[in-house]
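I opened this notebook to record what I looked up in one model.

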Amino acid sequence: MAAPLEIRNSASGKIFPALGSFLMAAIFGFYVLKGLSMGAPGGGVFMVALLALGFAGLGLFIARGAFDTRVQVTLDENGFRDRRAGDVLVPWQKVRSVWLASGRGAAMLNFELTEVPPDEIRYAPANAFGLLPFGKTTVHMEVSSLDVSGEEMVDAVKKFAPRVEVRR
């Protein structure tokens, strides 16, 4: 019985994307101050201030994941579980194939299931950052913000579920 692979958030995988939002908030904040100092109409300044606050909030939302040390994804001999998307166990018997899709710094581990994903996955509020249903039987697991690479996760799938087809 092999030890489960417990995967957590990567601090750098969360902080660096948040920096972009903070940079946008700073740029819009600069224009708010410039507009106020030049006596620009209040409506335009207000809209730019809302954008600055929105980007700052988005940056905080993304960055908070860097400090979340809980296990996010578990792979073991029973199946896989993603706490970010419903925290439901998907048994390996329901997984037909797995493949890694990556590009431009992002990576997704794709699972083709033998049936429609459970409702907990399909309707999870955190699906933007976890498992995403695609089509009828495929779910995507975002892995670029985790502390284990997609290749290591594919290797774990091979170890825990040798009958699951690994597509390249």
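The entries below go from the whole chain to single residues.

**Entry 1: basis.** I worked on a predicted model, in which local features need pLDDT of at least 70 and side-chain atom pairs count only at pLDDT 80 or more, while totals for chains, interfaces and linings use all residues. Residues are numbered from 1 along each chain as its sequence is written, and side-chain values use heavy atoms, without hydrogens and water.

**Entry 2: chain.** I found four helices and nine strands, taken as DSSP runs numbered from the N terminus (helices: H or I, at least four residues; strands: E, at least two). From the N terminus the order is β-α-α-β-β-β-β-β-α-β-β-α-β. Of the 168 residues, 39% are buried; buried means under 20% relative accessible area, exposed over 50%, and partly exposed in between (1.4 Å probe, protein chains only).

**Entry 3: helix H1.** I noted that H1 covers residues 11-38. Its 28 residues reach 40 Å from first to last C-alpha, close to the 40 Å expected at 1.5 Å a residue; the expected span is 1.5 Å times one less than the number of residues. Among the buried residues of H1 are Ala 18, Ala 25, Phe 28 and Val 32. The buried residues of H1 pack against helix H2 (42-63), where contact means heavy atoms within 4.5 Å. After H1 comes Gly 39, with a positive phi near 75°.

**Entry 4: nonpolar core.** I looked up the largest nonpolar core, which has 26 residues; Trp 92, Phe 111 and Met 153 touch the most other members. Such a core is a set of buried Ala, Val, Leu, Ile, Met, Phe, Trp, Tyr and Cys residues joined through side-chain atoms within 4.5 Å. Strands S2 (73-75), S5 (95-103), S6 and S8 (138-142) and helix H4 (150-160) each supply at least two residues. H4 gives the largest share, five residues.

**Entry 5: Pro 117.** I located Pro 117 in the loop between strand S6 (106-113) and helix H3 (119-122). Pro 117 is buried because its relative accessible area is 4%.
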